[in-house]
Amino acid sequence: MDNPQGSGDMIDNFKTTPQYAYILGVYLGDGWVGNYYGDNRVGLKCIDSDFVLAVYKTFTELQTKNKPCIYFDIAKNNKKHIGRKPMFQVSVADKELNSTLKIDTECKSKIPEYVFQWDLTNKKKFIEGLMDSEGSISERKTSRKDRKIMHLSQMYCMSFCNTAPWFEDFISICRSVGLIIGKTGSKIEKSGSVCKYFYIRIKSWVNSGLHFNIKRKQDRVEKYMSHLTTPQRLHVLYA
């Protein structure tokens, strides 16, 4: 963050921007902070190049102290990643942003109090950042034969799953912008940790003006809306 000496209020000012709200959401999900080669950096590594580009664009709009860097297909020459999908990474060296994210979230253990006081625009950007990171939207097709009629069901489910202690707080923030929360529960991960999850009514996501910056996720939202007949399921009959 471009924060000249004597302008301490600038840090509090950028906390009210939609760009910071989005980066905060990304950080609480797949984002990271660290000290590399003497630089206090903030970044993201993932398989979605469009997600990395969205974060790069947001860093630029946030006017970070240094220009962000993008690395494409960073796993290409890594033997550990042979056969896996390409990985992409974006990071920026910014001491103020690095320390703000770590301190305000107590190293990802809580959602800062000021998030609950944000306006709808910032809350939505925060939600989009977290859902780009940890949210998912799946498409399933099932069939059931009834005499001579085959009933085909096509289901789209949007969900969020995380092991963080701020899980219930995130549900509260989602509801505050108009999202309709469905089933909640928990499951045991392969690591043995308990992952809590909840489902979001996709129509409420669209009606709230939210969207994914990851094309493969947003395409499923749009496909769902184009075939919508009931809030969560499409039924097709074949003789």
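Mentor: Helix 5, residues 120-134, packs against helix 6, residues 167-176, at an angle of about 130°, and their axes are 10 Å apart; the axes are lines fitted to C-alpha atoms over the stretch in contact, with angles running from 0 to 180 degrees between N-to-C directions. Helices here are DSSP runs of H or I with at least four residues, strands are runs of E with at least two, and both are numbered from the N terminus. The angle makes helix 5 oblique to helix 6, since angles under 35 degrees count as roughly parallel, over 145 as roughly antiparallel, 65 to 115 as roughly perpendicular and the rest as oblique. The crossing of the two helices is left-handed, meaning that the near helix is turned anticlockwise from the far one by less than a right angle. On the side of helix 5, the contact (heavy atoms within 4.5 Å) is made by Leu120, Lys123, Phe126, Ile127, Leu130 and Met131, and helix 6 contributes Phe170, Ile173, Cys174 and Ser176. Sorted by class, this contact has eight nonpolar residues, one polar and one charged, where Ala, Val, Leu, Ile, Met, Phe, Trp, Tyr, Cys and Pro count as nonpolar, Asp, Glu, Lys and Arg as charged, and the others, Gly among them, as polar.

Please keep in mind that this is a predicted model, in which local features need pLDDT of at least 70 and side-chain atom pairs count only at pLDDT 80 or more, while totals for chains, interfaces and linings use all residues. Residues are numbered from 1 along each chain as its sequence is written, and side-chain values use heavy atoms, leaving out hydrogens and water.

In the loop between helix 4 (95-105) and helix 5 lies Cys107, which has a positive phi of about 55° although it is not a glycine. Cys107 counts as exposed because its relative accessibility is 56% (exposed is over 50% relative accessible area, buried under 20%, partly exposed in between, with a 1.4 Å probe and protein chains only).
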